[in-house]
Amino acid sequence: MAGDEITEEDTVPSHAAPAADDGVAGSSMPVAAESALADSFVHSRLLDSVASFTHHRDVAALDHSLVLSLAELTSAHRVVLAKRAVDGAYVENVVRCVPNAQGAYQLQTDDPDRVDPALKLLHRCMHRLEVQTERVQDMHRLVVPILCDGRAIGALQLDSDMPPAASRPLTEGFARIYANYTALLHESERDKLTGLYNRRSLERQLQRLLYQREQALHEAAAAAPEARGPSAAPAAEQSQVWLAILDIDHFKRINDNYGHVYGDEVILLLAQQMRACFRRSDVLFRFGGEEFVILFGPTGQATVHAVLERFRRRIAEHVFPQVGSVTVSIGYAGVGRHDYPASALDRADKALYFAKQHGRNGTCGYEDLSARGLLGREMAAGSIDLF
């Protein structure tokens, strides 16, 4: 492998203790004890790091802990984690760990679409499934693939003073542990048929988006103190978190007329269309059966409605094998900072029920329907089984 070649500069110097020259056999004992103590400390740090990042049940927190642990253990100049999407079609996430001016490590989440020459070796590593090395000024750059079932789900890049022969075993070990652990998390939080998130993941993902919204509002207020007061309200409304529920119209007929195999194919193809249509920042769920949920990060209602309408039209125009035409009904609602997931789901479900009762193949927003007085108290609960 071209990327695996180890040059003479990469050889690890021997750390064997020098032989005693005074002829006293017992004089080497303090040196051996000190070496053993140092090794024990290193092993303890390593175990602490592994225990720390495998403690997380949230993939984003796991990513941050991984790069931070590797940076601290190697005193790295930079550690980068690049992750591919579930289908492997593109890089969906890039996390960096770099020291600040005071030497404390800071975490950064980068836009994976941004052109960055420093990431070229990461992409090559994921494409070739091979370790890559290069020299960058006075640093050694090592990139190892993160492999799962023979395919690259990502890659780890380490920029440090350590030659690759010294840093490679540790970096590859972390990559293997990360691959195994993320596979377990994937099984617990993803729908087996579609690969979308399952309903167990909703509350955690919703809280993450709400936290991001609060952070963004806080930073905006700190950057422009004069924006506080009544004029700040419209800005807050434009950075709302939204939840949408979509339901395949007449799905029972598809199963009855064509069989469950074709019904599953419709669900699988619909999930593929969701990935292609919605933004990478939007969080997609299959709630079971023919029901799906989308979480939108901070944005305005007009944007959410336009994106959902675009998807609805896309599905209506798509020709599904054997089945032909399929349509979906969609309901959505805003999510408040102290909302329970069940409350937000209930509002979106009422909007979905309204769309179902008024011709299907439509997109309705709870806030708009409520403002127009179209959600009467007599309206029955929708078809979504919340919990």
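Is glutamine 273 buried or exposed? I checked this one before anything else. Glutamine 273 counts as buried because its relative accessibility is 14% (buried is under 20% relative accessible area, exposed over 50%, partly exposed in between, with a 1.4 Å probe and protein chains only).

**Ground rules**

I am working on a predicted model, where local features need pLDDT of at least 70, side-chain atom pairs count only at pLDDT 80 or more, and totals for chains, interfaces and linings use all residues. Residues are numbered from 1 along each chain as its sequence is written, and side-chain values use heavy atoms, with hydrogens and water left out.

**Whole chain**

I get 11 helices and 11 strands for the chain; these are DSSP runs numbered from the N terminus, helices being H or I of at least four residues and strands E of at least two. Of the 387 residues, 43% are buried. The accessible surface comes to about 20,500 Å², and carbon and sulfur atoms own 53% of that (Shrake-Rupley method, 1.4 Å probe; for residues, only the protein chains shown count as cover). I also looked at contacts (heavy atoms within 4.5 Å): among those between residues at least 6 apart in sequence, 63% join residues at least 24 apart.

**Back to glutamine 273**

Glutamine 273 sits in helix α8, residues 260-277. Leaving out residues up to four places away in sequence, I find glutamine 273 touching Phe311, Arg314, Ile315 and His318. With arginine 314 there is a side-chain polar contact of 2.6 Å. For a polar contact I take a pair of N or O atoms within 3.5 Å; within protein, one must be able to donate a hydrogen and the other to accept it, and residues adjacent in sequence count only if both atoms are side-chain atoms.

**Salt bridges**

How many salt bridges does the structure hold? I get 18, each defined as a side-chain nitrogen of Lys or Arg within 4 Å of a carboxyl oxygen of Asp or Glu.

I looked up arginine 204 with glutamate 189, where the closest N and O atoms are 2.4 Å apart. This pair links distant parts of the chain: arginine 204 is in helix α5 (residues 202-223) and glutamate 189 in helix α4, 15 residues apart. Arginine 204 is partly exposed because its relative accessibility is 26%, while glutamate 189 is buried at 6%.

Glutamate 309 turned up in two bridges. Its side chain meets arginine 312 at 2.7 Å, N to O, and arginine 313 at 3.5 Å. Glutamate 309 and arginine 312 are three residues apart in helix α9 (residues 301-317), about one turn of the helix; arginine 313 and glutamate 309 are four apart in that helix, also about one turn. Glutamate 309 is buried with a relative accessible area of 16%, and arginine 312 is buried at 12%. Arginine 313 comes out partly exposed, at 38%.

**Aspartate 161**

Aspartate 161 lies in the loop between β6 and α4 (164-189). I count aspartate 161 as exposed because its relative accessible area is 52%. Outside its sequence neighbours up to four places away, aspartate 161 touches His77, Asp138 and His140. A polar contact of 2.9 Å joins the side chains of aspartate 161 and histidine 77. I also checked arginine 141: its C-alpha is 8.8 Å from that of aspartate 161, at 20 residues along the chain.

**Positive phi**

Which residues have a positive phi without being glycine? Aspartate 149 is one of them, at about 55°, and arginine 360 has a phi near 60°. Aspartate 149 is in the loop between β5 (139-148) and β6 (151-160), and counts as exposed at 78% relative accessibility. Arginine 360 is in the loop between α10 (341-357) and β11 (363-365), partly exposed at 34%.

Serine 75, following α2, has a positive phi near 50° too. Helix α2 itself (residues 59-74) has 16 residues and reaches 23 Å from first C-alpha to last, close to the 22 Å expected at 1.5 Å a residue (that is 1.5 Å times one less than the number of residues). Its buried residues include Leu62, Asp63 and Leu66.
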